[in-house]
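Good morning, and thank you for coming.

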Amino acid sequence: MIDWDRIRVLRDEIGEEDFPEVVDMFIEEVAEIVDRLRSAPDRATLGADLHALKGSALNLGFSRFAQLCQMGETSAAEGRANEIALPPILACYDESRQVFLAKVQKDLVA
């Protein structure tokens, strides 16, 4: 679900002190799109939304979420946006976010 190796590499690249800021930016950017998909998904822009989510997810190691976004993005590109089931994608984000934040917060305190 979470690529912890990717997170370690990212933390090493940007530095321990800047890592929490990057996490906050990721959560804010993704939350905006996720909230829109929960409340008023637009099938015309769904492919672009899933593409943006996939990129953010890959950057921060949300591997399963990125896979689901990729599958949805592909479906949208093939003209099958109406077939995309958003609840499993959004549930995966929620679960990934919870697991990620719990571990990151634990690591920052330790």
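I shall speak about the helices, then the salt bridges, and finally the nonpolar core. Please keep in mind that this is a predicted model.

Let us begin with helix H1, which covers residues 4-14. Which residues of H1 are buried? They are Ile7, Leu10 and Arg11. Viewed down the axis of H1, these buried residues fall within an arc of 100°, so they line one face of the helix. The face turned away from that buried side carries exposed residues, namely Asp5, Asp12 and Glu13.

After H1 comes Gly15, which has a positive phi, near 95°.

The next helix, H2, runs over residues 19-39. H2 has 21 residues, and at 1.5 Å a residue they should span 30 Å; the C-alpha atoms at its ends are 30 Å apart, which agrees. The buried residues of H2 are Phe19, Val23, Phe26, Ile27, Val30, Ile33, Val34 and Leu37.

I turn to the charged side chains. As a general principle, side chains of opposite charge can pair when their charged atoms come close. How many salt bridges does the model contain? The count comes to eight.

One of them joins Arg8 to Asp5, where the closest N and O atoms are 2.5 Å apart. Arg8 and Asp5 are three residues apart in helix H1, which means that about one helical turn separates them. Arg8 is partly exposed, at a relative accessible area of 45%.

Another salt bridge brings together the side chains of Glu13 and Arg6, at 4.0 Å from N to O. Within this pair, Glu13 is exposed, with a relative accessible area of 55%, while Arg6 is partly exposed, with 22%.

A further salt bridge links Asp49 and Arg36, with 2.7 Å between the closest N and O atoms. Asp49 belongs to helix H3, residues 46-59, and Arg36 to helix H2, so the pair ties together parts that are 13 residues apart in sequence. Is Asp49 buried or exposed? Asp49 is buried, its relative accessible area being 8%. Arg36, by contrast, counts as partly exposed, at 32% relative accessibility. There is also a network of salt bridges that links Glu78, Arg80 and Glu83.

In soluble globular proteins, nonpolar side chains tend to be buried together. In this model, the largest nonpolar core has 31 residues, and those with the most contacts inside it are Leu53, Phe62, Phe65 and Phe100. Which elements give two or more residues to this core? They are H1, H2, H3, helix H4 (63-77) and helix H5 (86-109).

Let us take Phe65 as an example. Apart from its neighbours within four places in sequence, Phe65 is in contact with Leu53, Ala57, Ile89, Cys92, Tyr93 and Ser96.

Lys54 counts as buried, because its relative accessibility is 13% and the cut-off for buried is under 20%. If residues up to four places away in sequence are not counted, Lys54 touches Ala66, Cys69, Gln70 and Glu73.

Thank you for your attention.

Key:
Residues are numbered from 1 along each chain as its sequence is written. This is a predicted model: local features need pLDDT of at least 70, side-chain atom pairs count only at pLDDT 80 or more; totals for chains, interfaces and linings use all residues. Side-chain values use heavy atoms; hydrogens and water are left out. Buried means under 20% relative accessible area, exposed over 50%, partly exposed in between (1.4 Å probe, protein chains only). Helices (H or I, at least four residues) and strands (E, at least two) are DSSP runs, numbered from the N terminus. The arc is that of the directions from the helix axis to the C-beta atoms. The expected span of a helix is 1.5 Å times one less than its number of residues. A nonpolar core is a set of buried Ala, Val, Leu, Ile, Met, Phe, Trp, Tyr and Cys residues joined through side-chain atoms within 4.5 Å. Contact means heavy atoms within 4.5 Å.
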